[in-house]
Amino acid sequence: MLKIGVKYCGNCNPQIDGPKLVKRIKELLPDSLFLSAEDPGIDVLLIVSGCPVDCATRPKFTGPLVVVAGKTVDRVPCEAAEIPEVVAEKLQKYDSKE
Amino acid sequence: MLTGQEYIESLKKLKPIIYYEGKKIESVVGHPLIQPHINSAAATYDVAFDPAFEDLGTAVSHLTGEKINRFTYIHQTPEDLVKKVKMLRMIGQRTGSCFQRCVGFDALNAVYSTTYDMDQKLGTSYHSRFVEYLKGVEKRDTMITGAMTDPKGDRGLKPSKQADPDMYVHYVSKNEEGIIVRGAKAHMTGMANSHEMLIMPTTALKEEDADYAVCCVIPVDAPGVLHIFGRQTNDGRKYNEIDQGNFKFGVVGGETLTILEDVFVPWDKVFMCGEYEFAGTLVERFASFHRQNYGACKIGLTDIIIGACALIADYNGTAKANHIKDKIVEMIHLSETMYCCSLACSGEGRKLASGACYVDPLLANVVKQNITRYIYEICRISHDIAGGIIATLPSEVDLKHPELGKYVQKYMMGVASVPVENRFKILRLIENMTGGTALVESMHGAGSPQAQRVMLARQANLEHKKELAKKLVDISD
Ligand SMILES: Cc1cc2nc3c(=O)[nH]c(=O)nc-3n(C[C@H](O)[C@H](O)[C@H](O)COP(=O)(O)OP(=O)(O)OC[C@H]3O[C@@H](n4cnc5c(N)ncnc54)[C@H](O)[C@@H]3O)c2cc1C
């Protein structure tokens, strides 16, 4: 099972609704486990920053990252409606079963 | 760390003596005048536990390495100062009102670095005493009132020259156990629902005013402490919901006049007692940290005001008019300009001798100077967009009245598809967030405009500017 750590920025002026986005990603990846970013067992870290400043503090994790920052995914502009699918697809690549 | 609910429970254990209109308030929790301010302060606790906000709402203590509520943290880097600004904006967006806790936060930061400097210069041992106190604050997640402003009596006279010596807080005696303080602090934000107050001098002091150089911590319910809760614009509406505008979080911080009638303070809670040379440093640092905030929390509030204005334009059917669109853009411009200033004074933050980080004082004073103008301008525009109805709207009772309600519903309608009650709610929100008490806070909170201008004149490096002009046109003297 893919273990995904989630880290939000503090959402001071968000252009996207981070918690809603994560809820949607959870629906798209029902077999994955969503954990705190500090959890030592995570396979991949999902950073959810509300805007492109992307000031979310990075936890001590050296594994792979997927970064949502406003309407971008890994710095590439993305339509808001498409972000959940794009992120889910990227996260799934880190599932060892795949 | 405490949750918002645990904070509220902790207040029930305190027994502060608080009066309003001559009557004693038996319990602040649940009292219609104070509960909104408690809800607002509770938001500062809750954000520490919500994954969406905790990156701003928490920090790692430089003293213990523990995760703590950011409101008890001593800034270590410019990034910390930026996080503070973002946190204040974020909470302001949630409460639409003052959440009070920044004053104590700024007081902690100012006292931390000033006691360090005092000890270096005077050989006192206030800093280690303060650090011990601070560790307890971090652990207990204490809500502290930053208590600087004295009643001041005749503004033209120094403390010791006042007709009544109690116009500024001073110590009247000291012994082996501690000190006795007397006087009062005015405009005390969040005092009614704090655990403790951190007393600081109001102004720079000279030797003849050494007795007024007092910095100490006092529980809000210590013997000899009495609070008188202040009136606010529209506080008679506290028993209605819609008419209050922001019924859940109220307006401004719920200020008190707090009287200290010979209050005993043990030495372990005393951080300045007679060291008049450092009163000015403490005031300047506290004021600069506090002025930094205004382009942060107030921007959370203007985010709501701008949103409310855009909504009322929708509800009134004016949203497509070019001048309305332009006025909204103007509000955004003013609001983000203030935010820029807060970010700038944070980004230019610097280390002090204690290792703690301090804002750029020149830029922090620019923040607050702009607030005294731009918030007024934003509120002026909001009144323009909302219409005269914010001054003449019938009451919530009449809106819901069995006989009158149908007339209010009929004639207070804007765009037909919008429920009249929604229009009422937004109009009341604009009215209460942009007038009276709320507006005055932008003028005088963290110091009147002239206080910033004095700092601007002092910090601006004018001689350097003169040299630049002379050099350009070859003047040498
Ligand atoms: C809503 C609100 C919340 C507040 N919360 C807090 C708080 O939590 N903690 C705290 O410590 N303080 C708090 N304050 C106090 C705030 O810092 C003061 O209001 C501010 O410093 C101005 O002081 P004052 O109100 O006594 O005004 P005054 O000092 O009476 O100022 C009125 C005018 O007189 C001028 N003036 C004053 N003295 C002189 C002088 N010597 N020479 C020439 N001109 C002078 C001023 O520049 C100003 O134009 C709060 C204020 C408000 C309005």
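## Ground rules

Two strands count as paired if DSSP finds at least two bridges between them. Helices (H or I, at least four residues) and strands (E, at least two) are DSSP runs, numbered from the N terminus.

What you have here is a predicted model, where local features need pLDDT of at least 70 and side-chain atom pairs count only at pLDDT 80 or more, while totals for chains, interfaces and linings use all residues. Residues are numbered from 1 along each chain as its sequence is written, chains are lettered from A and ligands numbered from 1 in the order in which they are written, and side-chain values use heavy atoms, with hydrogens and water left out.

## The four-stranded sheet

Let's start with an open sheet of 4 strands in chain B, which go in the order β5-β8-β9-β12 with mixed pairing. At its edges stand β5 (144-147) and β12 (270-273) of chain B; each has a single partner strand, so one side of each is left without a neighbour in the sheet. On average, neighbouring strands of this sheet are turned by 20° against each other, direction ignored. (Axes are lines fitted to C-alpha atoms, for helices over the stretch in contact, and angles run from 0 to 180 degrees between N-to-C directions.)

How is β5(B) joined to strand β8 (residues 196-199) of chain B? The two run parallel, with 4 bridges between them. Along that pairing, Thr145(B) sits opposite Met197(B) in β8(B).

Helix α5 (residues 101-122) of chain B lies across β5, β8, β9 (214-219) and β12 of chain B, at about 65° to β5(B).

## Around the ligand

Which residues come nearest to the ligand? Of the 19 around it, they are Gly146(B), Met148(B), Thr149(B), His187(B) and Thr189(B); a residue is near if one of its heavy atoms lies within 4 Å. The shell splits into 6 nonpolar, 9 polar and 4 charged residues. Here Ala, Val, Leu, Ile, Met, Phe, Trp, Tyr, Cys and Pro count as nonpolar, Asp, Glu, Lys and Arg as charged, and the others, Gly among them, as polar.

Now for some distances. A polar side-chain atom of Thr149(B) is 2.6 Å from a nitrogen atom of the ligand. A ligand oxygen atom lies 2.8 Å from a polar backbone atom of Met148(B), and an oxygen atom of the ligand is 3.0 Å from an N or O atom in the side chain of Lys152(B). β5, β7 (178-188) and α15 (436-444) of chain B are the elements that give two or more residues to the shell.

## The six-stranded sheet

Chain B also has an open sheet of 6 strands, ordered β2-β1-β10-β11-β7-β6, again with mixed pairing. Its edge strands, β2 (23-24) and β6 (170-174) of chain B, each pair on one side only.

β7(B) runs antiparallel to strand β11 (residues 256-266) of chain B, with 8 bridges joining them; Gly183(B) has Leu260(B) as its bridge partner in β11(B). Leu260(B) also stands opposite Val225(B), in the antiparallel pairing of β10(B) and β11(B) over 5 bridges.

Terms used. Contact = heavy atoms within 4.5 Å. Polar contact = N/O pair within 3.5 Å; in protein donor to acceptor, adjacent residues only side chain to side chain.
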